[in-house]
Amino acid sequence: MSPRDALSRGQRDRTSRHAAGPRPVIDPLVFGLAVATLVMAAAAALLGPGPGAMVPSMAAVALSVAATTVLLHDRQLRRRRGERLQMVLRAVQDTPDPSIVTTFDGAITFANTAANDRIDAACGVDAVEIVDWAAAFWLTDTAAATACGLAADAVREGIVRTEVCEVRGGAPCWTRITVRVPAETQDTLHWSFEDITADRVREQAMREAQDRLVSFMDQAPVGFYSVDAEGRFQFSNATLANWLGLSVADLIDGSHRLHDFLVDVPEAAPAYAVIGGEVEPLAIDVKLRGRQGRVFQASIAQIVVRDAEGAVHHTRSLVRDLTPERQIREALRASEVRFQRFFEDAPIGIALVDANLCVTEWNRAFESLVAVDGLLAGRPIVDYLAEIDREKIGEALSLVLGGGDPESPIEVHFHRTSAAMRIGLMFARRMEGGPGDGDGLLLQFIDHTEQRALEGQFAQSQKMQAVGQLAGGIAHDFNNLLTAMIGFSDLLLMRHKPGDPSFSDIMQIKQNANRAANLVRQLLAFSRQQTLQPKTLVLSDALSDLSNLLRRLIGENIELKIHHGRDVGAVKVDEGQFEQVIINLAVNARDAMTEGGTLTIETAAKTLAAQTTIGNEVIPAGTYSVIHVRDTGSGIPPDIVDRIFDPFFSTKRVGSGTGLGLSTVYGIVRQTGGYVVVDSPPGKGATFSIYLPAHRIEREAPAGQEAPAPASADLTGAGRILLVEDEDPVRMFGGRALRNKGYEVIEARSGEEALTWLDEDGGQIELLITDVIMPRMDGPTLIRHVRERQPSVRVLCISGYTEERLRERVGLDVDVSFLAKPFSLKQLAATVKDVLQGRSGDRAGRA
């Protein structure tokens, strides 16, 4: 239905419903008077002139006068109504809201300035010329239909109708349409259009804000409620209702009271209160029980609102479920306990320092590293370090504190007042908001002492191995030469007795050859390749036997003191090498005390329950017999203390030493299974501590068991000996020496030559003497071939290498005797006689 159709229909409805109204009274009355006048005039004409016609004539005149009066009154009424309408229209002419007057057919009869501007902007025509004014006001089809309905109602019922409609536009816009039938005209419609977009937007924003507030209140992580003076719930949010196991509607239906949910209801507490007495405002922890039986700890903050007379009206209450907070606190406490446990039990030292580099917190590992008496808190971290590290570490930590990144890790040395110095690796990290809410440092220390000791031992062993390989390589050639020199010197001495002019010259040659042999033995000793003959020694007896020799070595200006500890166990060592160790240390101490002093040798028993680092040595657990050799000299400078065991290292002037004394000590002790530790505070002398595994003394042989027969002084003998040696001088010396003692000697330059002789001659031999390392066929191979031919033959191996090295390298049989080069004529003759008589264990292997 179009707006015009709707308006026409409304007009007809209104006319039919108000036919007796004020406006329709005049028109029928004038029409009736006009008809009556016509009837009377017709009657007077029909009657003609005369008295009978007077009455109709007069009636017609009267009716005409009445009609004229009515018409004049109606015109005057219309004029007054028009004036009032004009007043109304002038009033709305300049209003900001568009306003128009239309006929019932929809034609615009009036438009104020705002309406004209709107229509001109929308349609480009004057208001009275527009046909569809609804489009000019951007009404949607729905809004236009609504406007038609409003107009129809206004015409039909004679009332003012108002409706809000959405209008067309880029953004949502609304207008309030008001339509009425002016009382002044009764035949027009007055329309006004008010833009209420801003109001609608504001109302929408208020509704959304209210919805958000309601949602926030309802779903807040805390509960809200209000109860009246009787404790009945008047308001609750969903959070509290959920905690109590009810819906909001059920909670505020009037059947539930506050005290229904309190686990412990205070005595004399008002129905609206959670405690007894009048305390306002209130904050207290209580226990609440929900409808499902869940009990939880809660905190309630409450304000009581009173009316004008002071009576309780309602409460404003806030509830916090303390369960999550307590769970968080418990988790935090457990986390702190775990962290503290990790912190305290960490295997590395940890310390926190403040911006002044003072210690604020530390763990047990750090306390063990520093081993300082007294409190650690508040002391500068550098106080725990050795003097040589303090300046360097202080600068490095200041750099980290300033945001720098120093070299990491940093090696530090701890100055310990109650224990030996420890070495650590320090890692430093800056902490913002550290101790005291300021910047600080997190320091982590790894105990590097044992690793450094192992590194030192490894480096020392590498040096020993390198020199040992050299020593072992040249020992064979040197010993062959020395064997010939010593042997031929012995042969010459057999012809040149004391008093002979050549005797002293020959003795000089032999003595220097023996010195060279001793030098080779030292090389083998510090490289741990020397043949040892361990035996059980009681330290007190061994040192007492050495005391006279030591006093002669150190001189009269040095006092020798020997102290024996209690319960010191015996040791199993090579007696000669043990004496060499003590003598070397004593000579070293003597050279350090140029102005005289005291040399103290002490013995002590020491049991280590666990692996222990002492100095640069990592010593396994066990029971040890310890020998301390202490002097009162100037001590060893710190910069060379790590090099004193290096071979050929010496601080003595040129020609005063070989640099092998302490290296020999180190090699012998380590080969024996012991450890050497040096302690030398600057200017306070040096102490060398030798840790040897304690050895339990075996019980004496039972009575009746025969002791080994002593070696005979007679070195002569008889028998056939096959001597195999690739070095001509050694072979020539050995053959002549043994022939002089009565033996038949067959000489061979190689193993192949020896086997050829055996195969061609076929004679029986009592002893095979062979070098071990020879070209083509070596000693062990020759021994196997000879024993295939003569299984019972006795064998004596001679070599410039040590016995242990040869047994590892070429696999000497256990029943093969060994004589190390260089050897003298007497040693050779004695060893051969012992082997032939079955006493090879007495002399074999003694150089």
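An open sheet of five antiparallel strands, ordered β7-β6-β10-β9-β8, is found in this predicted model; strands are DSSP runs of E with at least two residues, helices are runs of H or I with at least four residues, and both are numbered from the N terminus. Two strands count as paired if DSSP finds at least two bridges between them. Because β7 (233-236) and β8 (282-289) each have a single partner strand, they stand at the edges, and one side of each is left without a neighbour in the sheet. Neighbouring strands are turned by 30° against each other on average, direction ignored. Strand β6 (residues 223-227) is joined to β7 by three bridges, with S226 and F235 as bridge partners.

Helix α10 (residues 322-345) lies across β8, β9 (295-306) and β10 (312-321), at about 130° to β9. Contact denotes heavy atoms within 4.5 Å; axes are lines fitted to C-alpha atoms, for helices over the stretch in contact, with angles from 0 to 180 degrees between N-to-C directions.

In strand β1 (residues 99-103), four of the five residues are buried (under 20% relative accessible area, 1.4 Å probe, protein chains only). Five bridges pair β1 with strand β5 (residues 188-195) in the antiparallel sense, and S99 is the bridge partner of S192. Antiparallel pairing with β2 (residues 108-111) involves three bridges, I100 standing opposite A111.

Residues are numbered from 1 along each chain as its sequence is written, and side-chain values use heavy atoms, without hydrogens and water. Local features need pLDDT of at least 70 and side-chain atom pairs count only at pLDDT 80 or more, whereas totals for chains, interfaces and linings use all residues.

How values were computed:
Buried < 20%, exposed > 50% of the residue type's maximum accessible area, 1.4 Å probe, protein only.
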